[in-house]
Amino acid sequence: MRKLAWMLSLLLFVSLQMFAQDRTVTGKVTDENGTPIANASVLVKGGTKGTKTNSDGSFKIVVASSGRQLVVSSVGFETITVIITGGVQTIQMKASAGELSGVVVTGYSKVKKSEYVGASSRIDKKAIEMVPNASFDQILQGRAPGLVVTATSGQPGAGADVVIRGPKSIEGGSTPLYIVDGVPVEAGVFREMNPNDFESVDVLKDASAAALYGSRGASGVIVITTKRGKKGATSFSYKSQYGITQPGAQQFTMMNSAELLQFQEKFGLQQNLPNAEDTRVTLPGWYYSRNNPANTGLTPQVLATYDRALDSLRSQNTQWNKVFQRQGKFQNH
């Protein structure tokens with residue numbers, strides 16, 4: 001009986017040891033908004049056992065008694081280490097901010113930065129949104145090495161001249177190829193697009209980077225990836241810009257009315273202009289002048305009328321530069 005009792009005790013001890021060695025841990029992996037993360041890797045720290053999460057983020061893994069922690073990782077999220085506790089493990093992962101910076105978008109595919117041999121630069125959306133400029137091609141100035149943006153005209157709405165690593169042709173153009181979500185667009189259409197719709201901009205500079213587009217990409221390629229919907233809770237954002245515009249310093253002095261009438265009189269004498277009806281409108285300083293040969297035979301009453309007309313014109317000194325070049329305001333919401 002003693003031997004049987006001893007054997008039963010030994011069997012019970014071994015069973016308890018086996019039960020203590022292995023235990024099943026269940027849990028669920030979500031992001032910061034509570035959205036389940038599928039295909040996340042769940043490993044026992046210091047061990048070889050591991051599993052992946054299901055479509056609903058749940059997982060089940062057998063852990064030895066020595067296992068105390070789980071290592072959870074997923075693409076686009078920071079790797080996290082959690083302590084094993086009793087009950088269902090609820091693991092919340094944080095999105096990785098540096099994941100996107102290690103990828104280069106070539107237009108038709110995405111390549112890891114470490115595996116990409118071409119010369120390229122990436123402009124993040126934060127750098128784009130911080131510049132209060134109506135034209136997106138002007139926003140690119142100073143954002144990437146080798147990219148030169150020059151304002152060719154002061155005309156409102158005029159586009160800038162964009163050149164990547166200098167002109168590539170003597171007679172041909174040097175405008176780069178613009179690709180938006182894999183679709184080529186004209187430079188004029190690109191300038192009119194809203195920069196707030198762009199997630200990132202990749203500037204492909206050398207031949208290996210632009211070889212995918214053939215001769216169209218000979219002057220470089222600018223690849224734009226637009227924003228798109230993401231999983232998670234609905235979020236709203238509001239941005240506003242307000243500014244003023246002022247004319248530059250005036251480099252010359254404008255004539256007043258008296259000086260303009262005197263100039264017209266001298267001009268009429270030099271050119272010996274006839275006293276036609278259109279001259280009365282365009283050159284009143286010459287038309288009403290007593291030095292005009294056409295007014296020699298006029299009566300004193302008519303000449304006095306002409307003098308009063310000149311006096312009336314001299315008293316009108318409208319500063320047209322201030323009328324047409326007032327302080328402007330702009331706002332963007």
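## Around helix α6

The buried residues of α6 are covered by, among others, α7 (277-282), α8 (284-287) and α9 (300-314). Cover here goes by contact, meaning heavy atoms within 4.5 Å. Helices (H or I, at least four residues) and strands (E, at least two) are DSSP runs numbered from the N terminus.

Some ground rules: this is a predicted model, where local features need pLDDT of at least 70 and side-chain atom pairs count only at pLDDT 80 or more, while totals for chains, interfaces and linings use all residues. Residues are numbered from 1 along each chain as its sequence is written, and side-chain values use heavy atoms, with hydrogens and water left out.

Which residues of α6 are buried? They are Ser257, Leu261, Gln264, Glu265 and Gly268, where buried means under 20% relative accessible area, exposed over 50%, and partly exposed in between (1.4 Å probe, protein chains only). Looking down the axis of α6, the buried residues sit within an arc of 100°, so they line one face of the helix. That arc is taken over the directions from the helix axis to the C-beta atoms. As a reminder, an α-helix has 3.6 residues a turn, so residues three or four places apart point the same way.

The length of α6 checks out too: its 15 residues should span 21 Å at 1.5 Å a residue, and its end C-alpha atoms are 21 Å apart, which agrees. The expected span is 1.5 Å times one less than the number of residues.

Now for Leu260, which also sits in α6 (residues 257-271). Leu260 is partly exposed, at 39% relative accessible area. Together with Met255, Phe263 and Phe267, Leu260 makes a nonpolar surface patch of about 370 Å². A salt bridge is a side-chain nitrogen of Lys or Arg within 4 Å of a carboxyl oxygen of Asp or Glu. Areas come from the Shrake-Rupley method with a 1.4 Å probe; for residues, only the protein chains shown count as cover.

Most residues other than glycine have a negative phi.

Zooming out, the protein has 10 helices and 18 strands, and buried residues make up 30% of its 333 residues.

Note on methods:
Patch = residues over 30% accessible without salt bridge, like charges linked within 9 Å, V, L, I, M, F, W, Y side chains within 5 Å.
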